[in-house]
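This briefing covers the salt bridges and the strand arrangement of the structure shown below. The points are grouped by topic.

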Amino acid sequence: MTTTLSRPEVGTGRVVWFTGLSGAGKSTLASALHAELVSRGVAAELLDGDAVRENLSKGLGFTRVDRDTNVRRIAFVAGLLAKHGVTVLVSAISPYADTRREVLSGLPNPTEVFVDAPLEVVTERDVKGLYLRALAGEIKHFTGVSDPYEAPENPDLHLRTDQISVEEGVTRLLTHLEYTA
């Protein structure tokens with residue numbers, strides 16, 4: 001079956017920036033959206049914050065300066081890809097509102113997606129027990145516990161993953177981004 005897509009002009013990509021607490025579902029939604037876009041013939045790339053930190057930002061810590069450096073590096077790569085017509089899905093906590101605003105303002109066709117779930121929900125989802133360790137004071141600079149997470153005031157899309165399924169989230173993303181069949 002051939003699908004006709006409504007999408008940005010050829011050669012003009014976009015960046016979809018998923019932000020939220022660890023365990024909120026950013027990577028899950030971004031991965032599911034990536035698979036759907038690729039299945040529809042859209043040139044798409046996924047930049048996951050953990051993978052970028054391991055491969056592009058190795059050696060950075062979790063201070064504000066290091067977190068901002070990591071976010072700016074991700075944005076740089078995302079911008080390069082988007083300039084060549086790629087839909088780039090960025091999944092990164094990116095805890096500071098001013099840094100997100102800064103990087104998004106320099107990206108082609110940016111969309112900020114706030115992937116939201118309450119602290120008690122992300123703590124329950126945390127199979128590694130990082131939230132419990134952070135709450136016990138064993139991990140310093142843990143976003144949402146001992147370091148701030150500044151939620152977007154006016155995101156382009158706000159997805160409460162404690163209230164919707166991954167499939168519903170992908171449907172909302174596709175509709176918002178105007179990738180319709």
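**Salt bridges and sheet in a predicted model**

At 35% relative accessibility, Arg172 counts as partly exposed, a class that lies between buried (under 20% relative accessible area) and exposed (over 50%), computed with a 1.4 Å probe on protein chains only. The model is predicted, so local features need pLDDT of at least 70 and side-chain atom pairs count only at pLDDT 80 or more, while totals for chains, interfaces and linings use all residues. Residues are numbered from 1 along each chain as its sequence is written, and side-chain values use heavy atoms, with hydrogens and water left out.

**Salt bridges**

- The structure holds 9 salt bridges, each defined as a side-chain nitrogen of Lys or Arg within 4 Å of a carboxyl oxygen of Asp or Glu.
- Arg172 forms one of them with Glu168, at 2.6 Å from N to O.
- Glu168 is partly exposed at 34% relative accessibility.
- Arg172 and Glu168 are 4 residues apart in helix 7 (residues 166-177), which means that about one helical turn separates them; helices (H or I, at least four residues) and strands (E, at least two) are DSSP runs, numbered from the N terminus.
- Glu112 and Arg100 meet through their side chains in a salt bridge of 3.0 Å, N to O.
- Because Glu112 lies in strand 4 (residues 110-116) and Arg100 in helix 4 (residues 97-105), this pair ties together parts that are 12 residues apart in sequence.
- Glu112 is buried at 11% relative accessibility, and Arg100 is buried with a relative accessible area of 2%.
- Arg133 forms a salt bridge with Glu138, with 3.4 Å between the closest N and O atoms.
- Arg133 is partly exposed at 37% relative accessible area, whereas Glu138 is exposed at 54%.

- Five strands form an open sheet in the order 2-3-1-4-5 with parallel pairing, where two strands pair if DSSP finds at least two bridges between them.
- Strand 2 (44-48) and strand 5 (157-160) are the edge strands; each has a single partner strand, so one side of each is left without a neighbour in the sheet.
- On average, neighbouring strands of this sheet are turned by 20° against each other, direction ignored.

**Strand 3 and its partners**

- Strand 2 pairs with strand 3 (residues 87-91) in the parallel sense over 5 bridges.
- Strand 1 and strand 3 also run parallel and are joined by 5 bridges.
- Glu45 has Val88 as its bridge partner in strand 3.
- Leu89 of strand 3 stands opposite Leu46 and opposite Val16.
- Strand 3 is largely enclosed by the rest of the structure, because 5 of its 5 residues are buried.
- In a regular strand the side chains alternate between the two faces of the sheet.
- From strand 3, Thr87, Leu89 and Ser91 point one way, and Val88 and Val90 point the other way.

**Helices on the sheet**

- Helix 4 lies across strand 1 (14-19) and strand 4, and runs at about 170° to strand 1; axes are lines fitted to C-alpha atoms, for helices over the stretch in contact, and angles run from 0 to 180 degrees between N-to-C directions.
- Helix 7 packs on the sheet and touches strand 1, strand 4 and strand 5, its direction making about 175° with that of strand 5; contact means heavy atoms within 4.5 Å.
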